[in-house]
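Had a look at the model you sent over, and here are my comments. Have the structure open while you go through them.

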Amino acid sequence: MPLPLPLYLLALAVFAMGTSEFMLAGLLPDLARDLGVSVGAAGALTSAFAVGMVIGAPLMAVLARGRAGRSGLLGFVLVFLAAHVAGALTSSFVVLLASRVVAALANAGFLALALTTAIAMVPADRTARALAVLLGGTTVATVVGVPGGALLGAHAGWRAAFWAVAVLCVPAALGILRGVPAAEPSPEGPSLRAEFGVLREPGLARVLVLAALVNAATFGSFTFLAPVVTGPAGLTSSWVSAALMLFGAGSFAGVTAAGRLGDRHAGRVLAVGGPLLLVGWVALAALADRPAVLPALLFVQGALSFAVGGTLIARILYEAAGAPALAGAYATAALNVGAVVGPLLAATVLGRPTGPFLLSAGLVAAALAFAAVSGSRRGGPASRC
């Protein structure tokens, strides 16, 4: 049985938002020069977006509580679109910074609602597949959207990339308006206090920590692939986009595989994928100076990172079933805590070009150790999530 069409419409919006979240990496020098600020100051745009995602996930989910379905999703997409129009038109860095915060809040709210909407569209035994389609929007953004945005920015200016994201939001908004059903009246759910109280559940707290650690490892290395490609690997800067695309292609393959396996074999995916992920980061650190093997390793690590990460998202939503309005927000916040913390930690070890890979290995090792210890305390197997 095919998955519902509205899932793919939601994935289109996630693709547009994922492109926006990561595209600034290739636009900062041009943007900083145009707005008269330093590249370091322009980097605050990326940090503002990431912090907005972390704070915005629970905040927007609370504000949109009771508006799940078409109205909430459409509202967030339209706000996201408007923020990019404002960013493309402004000549003020402060206004652009504010527009990035607004866009991040809308992105966080949309993703939180989209996660809960996606799992409500399918039977329980197809949850992982539905989430794989949704998260596929993010992975396709790393393969196509981010390099495409950088290329567009290089030829037409950074504002063109902002306009492109705004244009992508139009078919997404129309698709949601026509394809996503309005929320049906339902019996009153748990109180907001009860939904926040779910965070005290050991099972949920455990998976949230694991998801944050794995995502920190992923984005810590992904953010700083360029110094490895042009340093130890000895390749030219033109290979940086290719490296990012290989990692993104692996990510898409991994999240797709996790969607096929996660519903029935989540424990096996984590038990096998976690240790392999650790080995892969160590291998990348050891073999980064061998350009013949680097592309294959990047593809494999992208696949493992998102297979494990995608499975953990599904587990968060399962463990947070008692918080139907906030479950997606918890998953979104955990992933973006990792996306903020990972690059910050990786920046401290750039004195060694392969430092981010070693850091990622350490973060995954910490996740495996935490899973083993917390699993034994729960009286179950360490691999079980």
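The points below cover a helix, the ring pairs and the salt bridge.

1. First, a reminder that this is a predicted model. Everything that follows is computed from it.

2. Let's start with helix 14, residues 327-347. From first C-alpha to last, its 21 residues reach 31 Å, close to the 30 Å expected at 1.5 Å a residue.

3. Now the aromatics. How many aromatic pairs does the structure hold? The count is 4. Take Trp-158 and Phe-162: their ring centres sit 5.4 Å apart with the planes at 85°, and because an angle over 60 degrees counts as edge-to-face, that is the label this pair gets. Both residues belong to helix 8 (residues 158-179), and being 4 residues apart there, they are separated by about one helical turn. Trp-158 and Phe-162 are both buried.

4. Trp-281 and Phe-357 make another ring pair, with centres 6.0 Å apart and planes at 25°, so this one is stacked. Trp-281 comes from helix 12 (residues 239-287) and Phe-357 from helix 15 (residues 355-377), so the contact ties together parts that are 76 residues apart in sequence.

5. One more item on rings: Phe-219, Phe-222 and Phe-247 form a cluster, linked by ring pairs.

6. Finally, the charged side chains. A search of the whole structure turns up 1 salt bridge. Which residues form it? The partners are Asp-34 and Arg-159, and their closest N and O atoms are 3.1 Å apart. Asp-34 lies in helix 2 (residues 28-35) while Arg-159 lies in helix 8, so this bridge ties together parts that are 125 residues apart in sequence.

7. On exposure of those two partners: Asp-34 comes out at 43% relative accessibility, so it counts as partly exposed. Arg-159 has 23% relative accessibility, and the cut-off for buried is under 20%, so Arg-159 counts as partly exposed as well.

Terms used: Residues numbered from 1 in each chain as written. Predicted model: local features only at pLDDT ≥ 70, side-chain atom pairs only at ≥ 80, totals over all residues. Heavy atoms only, no water. Helix = DSSP H or I, 4+ residues; strand = E, 2+ residues; numbered from the N terminus. Expected span 1.5 Å × (residues − 1). Phe/Tyr/Trp six-rings, centres within 6.5 Å; stacked < 30°, edge-to-face > 60°. Buried < 20%, exposed > 50% of the residue type's maximum accessible area, 1.4 Å probe, protein only. Salt bridge = Lys/Arg side-chain N within 4 Å of Asp/Glu carboxyl O.
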